[in-house]
Amino acid sequence: MILETTPCAGATLRYFGVNGATWNNRTKKNVFRDTLRRHGFAVRSRKSKLGAIKTVGAARARIAQMAKDEPQVLAFMVSLKNHVLVIDTNGETVVDTAPRIKDKRQIEAIDAVFIKQSKEVK
């Protein structure tokens, strides 16, 4: 199994302080979400909370509102076609290896990133 790093997913991992694989050549899948999970983060989809919003530029205000509703969120990972970027809790882009002034790129997935909570044993 050969694990490699892609530029945008690698930059996303480094933003969260993680070094690791982002791509698995054997399965041809992006594994950066699993790499984050193995390093103590929880990654949860928030695509349904966007509703009819389709583009990164249009989603910024909604992302900031989602962060207010869930204060434990560290940031949001936004997946586009063959690209991923990180948007902070204020709706600002903090990691994007291919930035745009007017961002009309279509959102394929959006994930909230949290620190995993340890389970208490009773």
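Me: Which residues does Thr-55 touch, leaving aside those up to four places away in sequence?
Reply: The model is a predicted one. In it, Thr-55 belongs to the loop between S4 and H3. Setting aside residues up to four places away in sequence, the contacts of Thr-55 are Asp-103, Lys-104, Arg-105, Gln-106 and Ile-107.

Me: Is Thr-55 buried or exposed, and what is its relative accessible area?
Reply: Buried means under 20% relative accessible area. Thr-55 falls under that cut-off and is therefore buried, its relative accessible area being 18%.

Me: Which backbone nitrogen does the side chain of Thr-55 reach?
Reply: A polar contact requires a pair of N or O atoms within 3.5 Å. The side chain of Thr-55 comes to 3.3 Å from a backbone nitrogen, that of Ala-58.

Me: Which residues does Glu-108 touch, not counting residues up to four places away in sequence?
Reply: Glu-108 has a relative accessible area of 49%, so it counts as partly exposed. With residues up to four places away in sequence not counted, Glu-108 is in contact with Lys-47, Ser-79, Leu-80 and Lys-81.

Me: With which residue does Arg-60 form a salt bridge?
Reply: Side chains of opposite charge can pair when their charged atoms come close. The salt-bridge criterion is a nitrogen to oxygen distance within 4 Å. For Arg-60 the closest N and O atoms are 4.0 Å apart, and the partner is Asp-103.

Me: How many residues apart are Arg-60 and Asp-103?
Reply: Arg-60 is in helix H3, whereas Asp-103 is in the loop between strand S7 (93-95) and strand S8 (109-115). Arg-60 is partly exposed at 23% relative accessibility, and Asp-103 is buried at 7%. The pair links distant parts of the chain, with a separation of 43 residues.

Me: Which residues are linked with Arg-60 in a network of salt bridges?
Reply: Arg-60 pairs with Asp-103. The network that holds Arg-60 and Asp-103 also takes in two further residues, Asp-96 and Arg-105.

Me: How far apart are the closest N and O atoms of Glu-70 and Arg-46?
Reply: Both Glu-70 and Arg-46 are buried. They form a salt bridge, with the closest N and O atoms at 2.8 Å.

Me: Why does the salt bridge of Lys-49 with Glu-70 tie together separate parts, and how many residues apart are they?
Reply: The closest N and O atoms of Lys-49 and Glu-70 are 3.7 Å apart. Lys-49 is in the loop between S4 and H3 and Glu-70 in the loop between H3 and S5, so the bridge ties together parts whose separation in sequence is 21 residues. Lys-49 is partly exposed, at 37%, whereas Glu-70 is buried, at 11%. The separation asked for is thus 21 residues.

Me: How many salt bridges does the structure hold?
Reply: Among the salt bridges are those of Glu-70 with Arg-46 and of Lys-49 with Glu-70. Under the 4 Å rule, the count is seven.

Me: What distance separates the end C-alpha atoms of H3?
Reply: H3 has 14 residues, and at 1.5 Å a residue these should span 20 Å. The helix bends by about 30° at Arg-62.

Me: Which strands are included in what covers the buried residues of H3?
Reply: The buried residues of H3 are Val-56, Ala-59, Ile-63, Ala-64, Met-66 and Ala-67. An α-helix has 3.6 residues a turn, so residues three or four places apart point the same way. The cover over the buried residues of H3 includes S5, strand S6 (83-87) and S8.

Me: What is the angle between the planes of Tyr-15 and Phe-16?
Reply: The structure has two aromatic pairs. In one of them, Tyr-15 and Phe-16 lie 5.1 Å apart, centre to centre. Planes over 60 degrees apart count as edge-to-face, and this pair is edge-to-face at 85°.

Terms used:
Residues are numbered from 1 along each chain as its sequence is written. This is a predicted model: local features need pLDDT of at least 70, side-chain atom pairs count only at pLDDT 80 or more; totals for chains, interfaces and linings use all residues. Side-chain values use heavy atoms; hydrogens and water are left out. A salt bridge is a side-chain nitrogen of Lys or Arg within 4 Å of a carboxyl oxygen of Asp or Glu. Buried means under 20% relative accessible area, exposed over 50%, partly exposed in between (1.4 Å probe, protein chains only). Helices (H or I, at least four residues) and strands (E, at least two) are DSSP runs, numbered from the N terminus. A polar contact is a pair of N or O atoms within 3.5 Å; within protein, one must be able to donate a hydrogen and the other to accept it, and residues adjacent in sequence count only if both atoms are side-chain atoms. Contact means heavy atoms within 4.5 Å. Rings of Phe, Tyr and Trp (its six-membered ring) pair if their centres lie within 6.5 Å; planes under 30 degrees apart count as stacked, over 60 as edge-to-face and the rest as tilted. The expected span of a helix is 1.5 Å times one less than its number of residues. The bend at a residue is the angle between axes fitted to the seven residues ending there and the seven starting there.
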